[in-house]
Amino acid sequence: MLSHAKAVQVYRDLNVSSGRIGITLNSCWSEPLQKDDPSDVEASYRALQFEMGWFANPIFGDGDYPKVMRERVGDRLPVFTPEEKVMLKGSITPLSL
């Protein structure tokens, strides 16, 4: 993700007047086995965070890994500096609608 963010930074430094920057993410989808069972709902959410949130949250969210990953994996995940978090959060070009 940091290499993506740095590549975006280099591209923007070139002052290119057109084009968009994006990222393609792939994920398996998870649904709770029993939708009325809170533990199944939580497990489904956690699976999605580990599958997609791992990559999406730093870019589209708060610039860091999902909270559930930090809680479960702890210090085995890299820690982003405040500057890296800002760089990650801005590493796509929003679509003009």
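Serine 27 touches Glu51 and Met52, where contact means heavy atoms within 4.5 Å and residues up to four places away in sequence are not counted. The structure is a predicted model, in which local features need pLDDT of at least 70 and side-chain atom pairs count only at pLDDT 80 or more, while totals for chains, interfaces and linings use all residues. Residues are numbered from 1 along each chain as its sequence is written, and side-chain values use heavy atoms, with hydrogens and water left out.

Serine 27 belongs to the loop between α1 and α2; helices are DSSP runs (H or I, at least four residues) numbered from the N terminus. With a relative accessible area of 24%, serine 27 is partly exposed; buried denotes under 20% relative accessible area, exposed over 50%, and partly exposed the range in between (1.4 Å probe, protein chains only). Although 25 residues separate serine 27 from methionine 52 in sequence, their C-alpha atoms are 5.5 Å apart in space.

Helix α2 comprises residues 38-60 and spans only 26 Å between its end C-alpha atoms, whereas a straight helix of 23 residues would span 33 Å at 1.5 Å a residue. The expected span is 1.5 Å times one less than the number of residues in the helix. At glycine 53, α2 bends by about 70 degrees, the bend at a residue being the angle between axes fitted to the seven residues ending there and the seven starting there. Glycine 53 is also one of the buried residues of α2, which are Asp40, Ser44, Leu48, Gln49, Gly53, Ala56, Pro58 and Ile59. The cover over these buried residues includes α1, α3 (67-73) and α4.

Glutamine 49 lies in helix α2 and is buried, with a relative accessible area of 15%. Beyond four places in sequence, glutamine 49 touches Trp54, Pro66, Val68 and Met69. The C-alpha atoms of glutamine 49 and tyrosine 65 are separated by 8.8 Å, the two residues being 16 residues apart along the chain.

Two packed helices are described by the angle between their axes and the distance between the axes. The axes of α1 (residues 2-13) and α4 (residues 82-89) come within 9 Å and cross at roughly 70 degrees. Axes are lines fitted to C-alpha atoms, for helices over the stretch in contact, and angles run from 0 to 180 degrees between N-to-C directions. Helices α1 and α4 are therefore roughly perpendicular to each other, a term applied to angles of 65 to 115 degrees. In this contact, Leu2, Ala5, Lys6 and Gln9 of α1 meet Glu84, Met87 and Leu88 of α4. The contact residues divide into 4 nonpolar, 1 polar and 2 charged; Ala, Val, Leu, Ile, Met, Phe, Trp, Tyr, Cys and Pro count as nonpolar, Asp, Glu, Lys and Arg as charged, and the others, Gly among them, as polar.

Histidine 4, found in helix α1, counts as buried at 16% relative accessibility. Apart from residues up to four places away in sequence, histidine 4 touches Ile21, Gly22, Ile23, Ile59, Ser91 and Ile92. Between histidine 4 and serine 18, 14 residues apart in sequence, the C-alpha to C-alpha distance is 19 Å.

Threonine 93 is located in the segment after α4 and counts as partly exposed at 26% relative accessibility. Leaving aside neighbours within four places in sequence, threonine 93 is in contact with Arg12, Arg20 and Ile21. Threonine 93 and glycine 19 are 74 residues apart in sequence, and their C-alpha atoms are 8.8 Å apart in space.

Technical notes:
Helices (H or I, at least four residues) and strands (E, at least two) are DSSP runs, numbered from the N terminus. Angles under 35 degrees count as roughly parallel, over 145 as roughly antiparallel, 65 to 115 as roughly perpendicular and the rest as oblique.
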